[in-house]
Protein chains: 2
Amino acid sequence: MKQDSLPLSIKDIARAAKVSHSTVSRALRDSSLVSPETAERIKRIARESHFRVSAVGRSLATGRTNSIGVVVTTISDPFIAEVVTAVEDTANARRYSVILASSKSDPEREMKVVQSFEERRVDGILVLASRVGSVYMPMLAQMKIPIVLINSQHPGEFIYSVSIDNSAGARAATRFLIQLGHKRIGYVGDRAGTPSSATRLAGYRLALERANIPFLQELTAEGDVHPEGGLRATQRLLSLPDRPTAIFCYNDMTAMGALNAAWQIGLRIPEDISIIGFDDLAIASYTIPPLTTVRQPKHDMGRMATEILLNLLAGSTSETSRSVQGELIVRESTAPPAAHVKALRQLG
Amino acid sequence: MKQDSLPLSIKDIARAAKVSHSTVSRALRDSSLVSPETAERIKRIARESHFRVSAVGRSLATGRTNSIGVVVTTISDPFIAEVVTAVEDTANARRYSVILASSKSDPEREMKVVQSFEERRVDGILVLASRVGSVYMPMLAQMKIPIVLINSQHPGEFIYSVSIDNSAGARAATRFLIQLGHKRIGYVGDRAGTPSSATRLAGYRLALERANIPFLQELTAEGDVHPEGGLRATQRLLSLPDRPTAIFCYNDMTAMGALNAAWQIGLRIPEDISIIGFDDLAIASYTIPPLTTVRQPKHDMGRMATEILLNLLAGSTSETSRSVQGELIVRESTAPPAAHVKALRQLG
DNA sequence: CTGAAAGCGCTTACAG
DNA sequence: CTGAAAGCGCTTACAG
């Protein structure tokens, strides 16, 4: 007698339906090689006994697991969480499961993660905003399954990727501040020196240059991608004798810290200082004041990357890399600088 | 000749090492049944050829997949993301993989999620803050693998769970407001009527009752767990002829909306109105002003639930349900009501 | 349309 | 200490 705790197999169903297990397998996969009556009977029995085909048995036979591995630094980052949501939606809609693993930007963990993905024979891998890279990127590069990167560094070494145009986004944000009349514009980046921070800095510099505003090293500071880093870096900028009238932040979390730093010393936003972020997280609409920012199409990016991966798995040689554009979302954390307003008044 | 794209198997290693595949299997699992020299040689060959044992082959043989399924409503909720982070850390440390699936609180999706977990033969399931429940809870209940719930409704029907003490947390928050001198205290819940919102409401009522403050239906409003719902609900409360001097919010996201609503009509926080949340998300320290809230030990909760599950899988009959306590974190969004301050001044 | 057989990559009791 | 064998739950080419 079969132990109750063991899951049923197609053999059990075959016995009950008085057919071979091959026929059960075919019936459950809606093969046209089974007579409608037999198929119906088998399916009914399977349903009634709450039978579920074993994906592990199937995987061994087919050589595919219908699963993808997703590597993130941490799921606690709202930007990443949003992208993963889209990844999961897209994957599930195509009957793929998502195995999630966070690296914490720890090289050793990243190795383990990738190793466990290999052991599990995931069909493909998605790497999100990897910050370490150097160590395991080569490891990834030599893997034989498809890999798609989202906003990752070292995109050059890989064929497939989806990335935000960091430079254009940063330029748009900075240009907007310049158009408002700002001349002393700060930038708060990421001290870990991620490539995306470097690129946003470059975009910021480019915008200044085009407006003939000198780039001043003293107006840049380094945060850590989180509010705390933004807070501290902004405190430094605000303590400058001649402080900036506007600050472009690496991301919205950094901007939240910046808002807080300004608030702590009694500055009014945006009257005394303008703050602009990057990402457009869900909460960006609810900060005080609501945050002007560069929106990353998080959902689209997750979906596009997953589609590229799944199309690759389906054998289609689809597009390779895609660059998406950010969109400036103007809210209430930005305004012309006070001096500028005064000047305009005098003119009027 | 073997196709290059197919992963190596233990047979390939066996051939290269001139031993049987049984011996390879043993060597790679560090069995004492293999001579040290042979084991070393096998491992070296495996390493040099970048071989990874197939988890699917192993799973079929052992009947275990070393994976757990985690059901969430959405990973975009920061509270859930934090808990999942702890779950994943704990699971990975014990060599389990996490398969993530979000239900979007959509009954149909929840069914599919659970079904796919069954097919994948996950060893156990973790359900986080399920809000639908009614539909698939019975389905879950009849599954034969261990299930542990975190902050889920219908805990009664399951044996294993980890839950925050919603009533005590809500009471602590409300009592704190009362001690500050507030008498007109509002509550913004969740219109979906989740049990946890009902329980927090009950805790709020209990605290009022003990302080002999009448419960007024008009001071309660319903949000949606997100800032937008908190914003709208708070707008309603603030438009009352005799508006509340303090508001206890279902969660921090709701509180963010509440802060924004107060700010929009020019109220000063906490001078004109006190706001208190629940969760203590990472961003709660950086709202303007920083949010007083009831901290849920998110990391501990995720870790505890995962440990219960993994211990169960390891055969130990560990503890069953655990209730954890929230902790009141006082920041700057709460203060005595203006009237109270005035009265105190007159006394002094 | 159906079944018997082989095989996917492992583990492990059994025999030596 | 080692190997041959059986078996885990499927899929699918082959034969009928």
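User: In β7(A), which residue is the bridge partner of A:Val188?

Analyst: A quick note before we start: this is a predicted model, where local features need pLDDT of at least 70, side-chain atom pairs count only at pLDDT 80 or more, and totals for chains, interfaces and linings use all residues. Residues are numbered from 1 along each chain as its sequence is written, while chains are lettered from A and ligands numbered from 1 in the order in which they are written. Strands here are DSSP runs of E with at least two residues, helices are runs of H or I with at least four, and both are numbered from the N terminus. In β7(A), A:Val188 has as its bridge partner A:Ala221.

User: How many bridges join β6(A) to strand β8 of chain A?

Analyst: Two strands pair if DSSP finds at least two bridges between them. β6(A) and β8 (residues 246-249) run parallel, with A:Ile185 standing opposite A:Ala246. The number of bridges joining β6(A) to β8(A) is 4.

User: How many of the residues of strand β6 of chain A are buried?

Analyst: Buried means that 20 or more other C-beta atoms, placed from the backbone, lie within 10 Å of a residue's own; exposed means 12 or fewer, and partly exposed is in between. Strand β6 (residues 185-190) of chain A is mostly covered. The buried count is 6 of its 6 residues.

User: Why does the length of helix α10 of chain B agree with what it should span?

Analyst: The expected span of a helix is 1.5 Å times one less than its number of residues. α10(B) runs over residues 227-238, so its 12 residues should span 16 Å. The distance between its end C-alpha atoms agrees, at 16 Å.

User: What covers the buried residues of α10(B)?

Analyst: The buried residues of this helix include B:Pro227, B:Leu231 and B:Leu238. Contact means that the C-beta atoms of two residues, placed from the backbone, lie within 7 Å. The cover includes, from chain B, β6 (185-190), β7 (220-223), β8 (246-249) and α11 (252-264).

User: Which element gives the most to the surface near DNA strand C?

Analyst: A residue is near a strand if its C-beta atom, placed from the backbone, lies within 6 Å of it. DNA strand C is surrounded by 25 residues, and B:Ser54, B:Gly57 and B:Ala61 are among the closest. Both chains have α2 and α4 supplying at least two residues each. The element giving the most, with 5 residues, is α4(B).

User: And where does the largest share of the surface near DNA strand D come from?

Analyst: Around DNA strand D there are 25 residues, with A:Ser25, A:Ser54, A:Gly57, A:Ala61 and B:Ser35 the closest. Two or more residues come from each of α2 and α4 of chain A, and of α2 and α4 of chain B. The largest share, 5 residues, is from α4(A).

User: Which element gives the largest share of the side of chain A that touches chain B?

Analyst: Where the chains meet, 43 residues of chain A are in contact with 43 residues of chain B. The elements giving two or more residues on the chain A side include β2 (97-102) and α6 (107-119). The largest share, 7 residues, comes from α5(A).

User: Which residue stands opposite A:Ile99 in β2(B)?

Analyst: β2(A) is joined to strand β2 (residues 97-102) of chain B by 3 bridges, and the two run antiparallel. Opposite A:Ile99 stands B:Ile99.
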